[in-house]
Amino acid sequence: MNSIPNTEIILQVLLAVGLIIVVAKYFGIMARKIGIPEVAGMIVAGLVLRFVPWFHNYGGVEPNLIYAEANQFISYMSEIGVILIMFSAGLGTNLKSLIKSGAKSTAIATCGVFVPLIMGTIMSFFFFGFDGWGTPAFFKSVFIGTILTATSVSITVAVLKEFGKMKTEVGQTIVSAAIIDDVIGIIVLTIVLGVSSGKGGYFSVILKTVLFFVCALVVGYIVYVLFRWYDKRHPRSHRIPIYALGVALIFAYCAERFFGIADITGAYIAGIVLCSLHDASYMESKIDINSYMFFSPVFFAGIGLKTDLSGMTWELLGFAVAFVIIGCISKIIGCGGISKCLGYTWKESYQIGLGMMVRGEVALIVATKGLSSDLIDTKYFTAVILLIIVSSMLVPILLKRAFMGNEKIPEPVPTEVKAFE
């Protein structure tokens, strides 16, 4: 190992990251042009880069060493990218709307989490078997169900705007339920990771989770007051996003170190703490620049690089197909079913279920945490990627048909579109 100068390793890492960024952004743009999420294109870019010989032999100079060094650097950058994405998601939360969303949106979000969780877990039992509660196979199945709890409504929002339904009761219900869905999903992920890691029983993990949120509430309020004071005196200062990013990283560290909570949970809570500030959108835009230009391409392409297609079997293909089917229908059953019980019409319930069906980057982030916790293998990323692509292509078509016959009311088109939702 000492025979390779550090300079050589650094140069190879620079080349690897440069290739990843260029190829990932190109594939992301191509994906957006054909109507699928940009993140899906970046993942495909990672899959393509797996076949580039340079990523395996590095010019013939101690390939294993340099490949491992480059992989380690990409892994670090990917972890920071995940934290930035979740922090940005927290900053983009409308806390007032979340509080006022009411019992209906909360009920829809709750069913939108637990129905996919249960259906995904049961489906996984048929593939992994069931050999008792608390076994590795049991937690593996539960985690597969946890991946299905995530919702991404960026595509749904675009369709709602097109049909002038964004401000209707159905539109507002979908958006509010999606926000609450993410919060509940993060809590479920936190508990599943805590229990499966052997850091304590159910009671211990739940207690740590509660303590974390209590501490986050107290410390978060202090941080919010300090930022509000600073924001009033230095509005739109370049220092505010820098301080905010530092707070997010500290929250992420403390969550993992002191409470055994996933670092992305800490980053997400940090975003929610600061989302009510006057300059929250300004901070979000600055964070998104770093994420959009560097960290996100590395993260999403890194998923493609980690995805192993060489082990694809008929059984794995069957799992992927079942995963996609359960992933799609579970949201319709969970969200649409409870909507009907809450007084919505059958058509409105179907629209709500469809609106909550899309999966995106949160599902990938959850899957990545499972990989780092040894709950799933890299080969199962194929199923997650397939679900994102299929749901992203199906929802616009089905949702437009579901709104057929309704009068279209034009809404103003936003001048800025976020890179990632």
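Trainee: Which helices each supply at least two residues of the lining of the second largest pocket?

Mentor: The model is a predicted one, and its second largest pocket has a volume of about 430 Å³. The lining counts 14 residues, with Leu95, Ala216, Leu217, Ile272 and Val273 nearest the centre of the pocket. The helices that each give at least two lining residues are H5 (95-100), H10 (202-233) and H12 (263-274).

Trainee: Which helix gives the largest share of the lining of the second largest pocket?

Mentor: By class, that lining has 12 nonpolar and two polar residues, and no charged ones. Six residues make up the largest share of the lining, and the helix they come from is H10.

Trainee: Are H1 and H13 roughly parallel or roughly perpendicular?

Mentor: The axes of H1 (residues 6-33) and H13 (residues 280-306) come within 9 Å and cross at roughly 90°. Angles of 65 to 115 degrees fall in one class, so H1 is, relative to H13, roughly perpendicular.

Trainee: How many charged residues does the contact of H1 with H13 have?

Mentor: On the H1 side, Val17, Ile20, Ile21, Ala24 and Lys25 take part, and they meet Tyr292, Met293, Phe294, Pro297, Val298, Ala301 and Leu305 in H13. Sorted by class, this contact has 11 nonpolar residues and no polar ones, and the number of charged residues is one.

Trainee: What is the volume of the largest cavity?

Mentor: Three cavities of 30 Å³ or more are present in the structure. For the largest cavity, the volume is about 60 Å³.

Trainee: Which element gives the largest share of the lining of the largest cavity?

Mentor: The lining residues are Thr146, Thr149, Ala150, Asp181, Asp182, Gly185, Ile186, Leu189, Val362 and Val366. The elements giving two or more residues to this lining are helix H9 (169-196) and helix H16 (361-372). The largest share is five residues, and the element that gives it is H9.

Trainee: How many charged residues are in the lining of the largest cavity?

Mentor: Asp181 and Asp182 are among the lining residues, and Asp counts as charged. The lining divides into five nonpolar and three polar residues, while the charged residues number two.

Trainee: Is Thr146 buried or exposed?

Mentor: Thr146 sits in helix H7 (residues 136-147) and is one of the residues that line the largest cavity. Beyond its neighbours within four places in sequence, Thr146 contacts Leu117, Val188, Leu189, Val192 and Val366. Because its relative accessible area is 0%, Thr146 is buried.

Trainee: Does Val183 count as buried, or as partly exposed?

Mentor: Val183 is located in helix H9. A residue is buried under 20% relative accessible area. The relative accessibility of Val183 is 24%, so Val183 counts as partly exposed.

Trainee: What distance separates the C-alpha atoms of Val183 and Ile269?

Mentor: Val183 belongs to helix H9. Along the chain, Val183 and Ile269 are 86 residues apart, and their C-alpha atoms are separated by 9.2 Å.

Notes:
Residues numbered from 1 in each chain as written. Predicted model: local features only at pLDDT ≥ 70, side-chain atom pairs only at ≥ 80, totals over all residues. Heavy atoms only, no water. Axes fitted to C-alpha atoms, helices over the stretch in contact; angles between N-to-C directions. Helix = DSSP H or I, 4+ residues; strand = E, 2+ residues; numbered from the N terminus. Parallel < 35°, antiparallel > 145°, perpendicular 65-115°, else oblique. Contact = heavy atoms within 4.5 Å. Buried < 20%, exposed > 50% of the residue type's maximum accessible area, 1.4 Å probe, protein only. 1 Å grid on protein atoms, 1.4 Å probe; cavity = no way out; pocket = protein on both sides within 12 Å on 5 of 7 lines; lining within 4 Å. Points joined across faces, edges and corners; volume = space filled by probe spheres on them.
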